[in-house]
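Student: Hey, can we go through this structure together? I'd like to start with the record and then look at how two of the chains meet.

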Amino acid sequence: MNRAERLRNHLMALPPALYLLLFFAVPSVMMLFASFRYPGEYGGLAPWYYIEDGQLSLDFTLENWLRLFESGIYLGLLFKSLGYALLTTLICTIMAYPLALMIARSQKRFRDLLLLLVILPFWSNFLVRIYAWMIIFSPQGALTIGLNHVTGALGLEPISLMFSSTAVITCLVYVHLPFMILPLYANLEKHDNRLLDAAQDLGANRFQCFWLITWPQSLPGIYAGAILVFIPSLGIFAIPDLLGGTNGIMIGNVIKQQFVESRDWPFGSVLSLVLTGITLLLVLLAAKLGKTGGANSGT
Amino acid sequence: MVHNRPSKTLVSAGVLVYLFLYIPLAVVVIFSFNDSKLNAEWVGFTWKWYEKLIHNENILRAAGNSLIIAIISAAMATVLGTLAGLAIHRGRQKWLPALVLGPIAMPDILIGVSLLLMFILLNVSLGSVSIILAHVSFCIGFVALAVQSRLAGMDQSLIEAARDLGASPWQSFRLISLPLLMPGIIAGALMAFTLSIDDFVITFFTAGVGSSTLPLEIYSMVKIAVTPEVNAVSTLLMLVTLTLITVLSKISPTVLRQ
Amino acid sequence: MKKLLCCFVLCLSQFAMAEKALHLFNWNDYIAEDTVTRFEALCDCKVVQDYFSATEEMMAKLLAGGGDYDVVIPTQNAVEALVKQGFLMPLDKSKLSNIGNSAAGYMNKAYDPGNVYSLPYAFTTTLIGYNENKIAELGIDPADWSIIFDPAVLTKIKGKVTVMDDVEELFGAALKYLGYSINDTDEKHLKEAQAVILKAKPYWAAFNSSSYIKELTVGNIWVAHGYSSDMFQARADAAEAKRDFTVNFVLPKQGAVLALDNMVIPKKARSPELAHMFINFMMDPQNAAELTTIVGTGNPNAAATPFIDEDILKITAIFPTPELQAKLETVAARNAKERRLANKLWTEIKVR
């Protein structure tokens, strides 16, 4: 590689790199700074230095970070959000698996159509998909009334679907399901069916075929899907906002509250940084799993 | 060859999941024809929410804003993303993938609040410009990915052959690489356009006065005045995307698969 | 194909860049559609509205650089904070010929002496809206804050109650329930209020400041904590939709929050000319009266009274009698430290 070419290479990387430095890296660093500052009197941040008797003093604080641990509630919220995201990922896996497997085992000419049918609903706006569940879960909706006929007949208390964690998780699953189906399908499609035939010839039953051959091979697909479902569902605020009621709140809602209602940017930054940290850990973990998983499926 | 065909249980499970995907949207569409402002139970058939919609200037203005923002963001992201994809492919800057793919990995809310923080602290007034700047930052990665995956499948020997035959680097890029890359670039541009026009979370934090986009408008409709007009907007939106997809798959069947 | 797309974009950009527009930042459901339409005809411009459903939300948006609205409708304490911030433009009284219509009792208040920056728009009380049939059936007294705070009462209506998603309003109500002033800043009292709220929270369906009109009208909830004007609309909507129940509203006997909402023009307003025109238009007796007859607000416009139905004037929750008025309090502007404490307690409530 000669010098001109190397220069060209750097010139090519320069514009996108500069742009993302300015609009992705710098804001993140500013957020780190903000987390050590005091909130301004009318929102925003307080000045980071003040001059007293001609002497310059810096005005940084650990208060916002300490608040995180002051009482267990913020850690509790974090665990609750992680729990919601984990449950969403599990349900997505359980629902995506049969569908992905079905598509992968369908005749080739149908596969594109079946896949398109998976993607199609997700070209409709995110909010529309939430709104759909608001209608379905409405206390005057057919589903709730029908269910309450059943609970009434069984002598149980009437249930309410709207404003519950059930509603939040159902909608989280609905919104993120294709992110599990697509990578899983991409993986399952590559499986060599001759392995299954061979296993069957050797006397394995259906379950054994699945458990010993298909499942282990599909793990990389599941890992990929899990990361695509878990991370976005962890940061979501619109779904709990519209469907969660008083108890279904997640960390995203509290971050949003600090920025657009309470005007406490420093604490909002602390919560955001915690979420960033978790995301980074997960991405690193996924990269690692992806490598080892890929190696396994290769052998 | 029993395994070439899905079993009955598998098919029925698959159908159930498809129903789960489609029933909610069907409900939205059906209720857009409901002749009741409250929209709690079915009352009767009407077109009136669509008529109201056509005259709702807030929605039309927001749709116009969304479209303009999406076109500009997609254009900017396509240029920057293509460059990023090429640079990542050559692999000279080890840190570049992390920077380009970072915004894809992060939950939207984090990008939204950190940009809000920066815009305010730097006194950038919020509006269409701040929305576009924000959208470009998370679209670049998607374009880069599309371009890169196209590059990965490209035959390098063609370029080498062109260089051997005396083509300048620019000529070989313009005459050989670029045309070969085009499907990847188009796919990336479309993806950027869709992501931008559909984005709610990042726009929510970076929008200002008079720059409301369609998703923001839908959010306030869902949150404040829930009438079947929301259903009507949603139904129309679905129709538009459906037509777009059909047209696109006719023009270039490979684009969608990316 | 390309040409077609270009045409399309051009058409849409026409919408996006409307020639003359008044950007109004208002509470949701706080102006009648007819009024807006008439103003648009008068000024030959478009009214572009953005909505908020809590004072804190509005302040956050304005102070986050969203200052180029033409007219904002803040509550009295927010006016005070905005004035202190130097955020507002002094009103040009020479352009406001209808200024004399405002009732003297609502002018020259402590939050803006001499009405330099603000003029009264409307007032509301924060109270209890309820499903009359259900509440009568269950034998609950709606004119008491215990209906949203006392677990003994709430067990009967669990999951059928919403309270405001608003730190000032909810703490105000809880403080009143405890017998304190709405503007009590004693940390101990605020913590007591927080405890009351936390104890009642499991019984509430949601914190909701924006769609309780609909929820009440549909029958999804039976009790809502909210603004008098919204409850007025819920009652009208339920009657219009011929629901099999009626919605009503009442001021709790412990007293409640009175909110005086004002029209102001931010310094950065893009068209102050239009803004003045709008303010003057809203002080016209007939337009002001529509705020009451259609939206259901209390009216600080003395000249508007003849245009208002007597039935509405008699509703004490909208036009409180002097005895009731004595129990109402307006929220005072809080300093940064008090605000931080309240918001911290509020965040804790949300998280728990």
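This is a predicted model: local features need pLDDT of at least 70, side-chain atom pairs count only at pLDDT 80 or more; totals for chains, interfaces and linings use all residues.

Student: Okay, which residues does UniProt list for "binding site"?

Tutor: The unreviewed UniProt entry gives Asp166(C), Val167(C), Glu168(C) and Glu169(C).

Student: Where does Val167(C) sit?

Tutor: Val167(C) is in helix H8 of chain C, which covers residues 167-177. Glu169(C) lies in helix H8 of chain C too.

Student: Is Val167(C) buried or exposed?

Tutor: Buried, because 22 other C-beta atoms lie within 10 Å, and the cut-off for buried is 20 or more.

Student: And Glu169(C), buried or exposed?

Tutor: Glu169(C) is buried as well, because it has 23 other C-beta atoms within 10 Å.

Student: What are they in contact with, leaving aside neighbours within four places in sequence?

Tutor: For Val167(C), that's Glu56(C), Ala342(C), Asn343(C) and Trp346(C). Glu169(C) is in contact with Thr126(C), Met164(C) and Val257(C).

Student: New topic! How many residues of chain B are in contact with chain A?

Tutor: 66 residues of chain B, and they meet 65 residues of chain A.

Student: Which element gives the largest share of chain B's side?

Tutor: H1(B), with 13 residues on the side that touches chain A. Other elements giving two or more residues include helix H3 (57-90) and helix H11 (228-251) of chain B.

Student: What's that side like by class?

Tutor: On chain B's side there are 49 nonpolar, ten polar and seven charged residues.

Methods: Residues are numbered from 1 along each chain as its sequence is written. Chains are lettered from A and ligands numbered from 1 in the order in which they are written. UniProt positions are given in the numbering used here, feature names are shortened, and annotations may be inferred rather than shown by experiment. Helices (H or I, at least four residues) and strands (E, at least two) are DSSP runs, numbered from the N terminus. A residue is buried if 20 or more other C-beta atoms lie within 10 Å of its own, exposed if 12 or fewer, and partly exposed in between; C-beta atoms are placed from the backbone. Two residues are in contact if their C-beta atoms, placed from the backbone, lie within 7 Å. Ala, Val, Leu, Ile, Met, Phe, Trp, Tyr, Cys and Pro count as nonpolar, Asp, Glu, Lys and Arg as charged, and the others, Gly among them, as polar.
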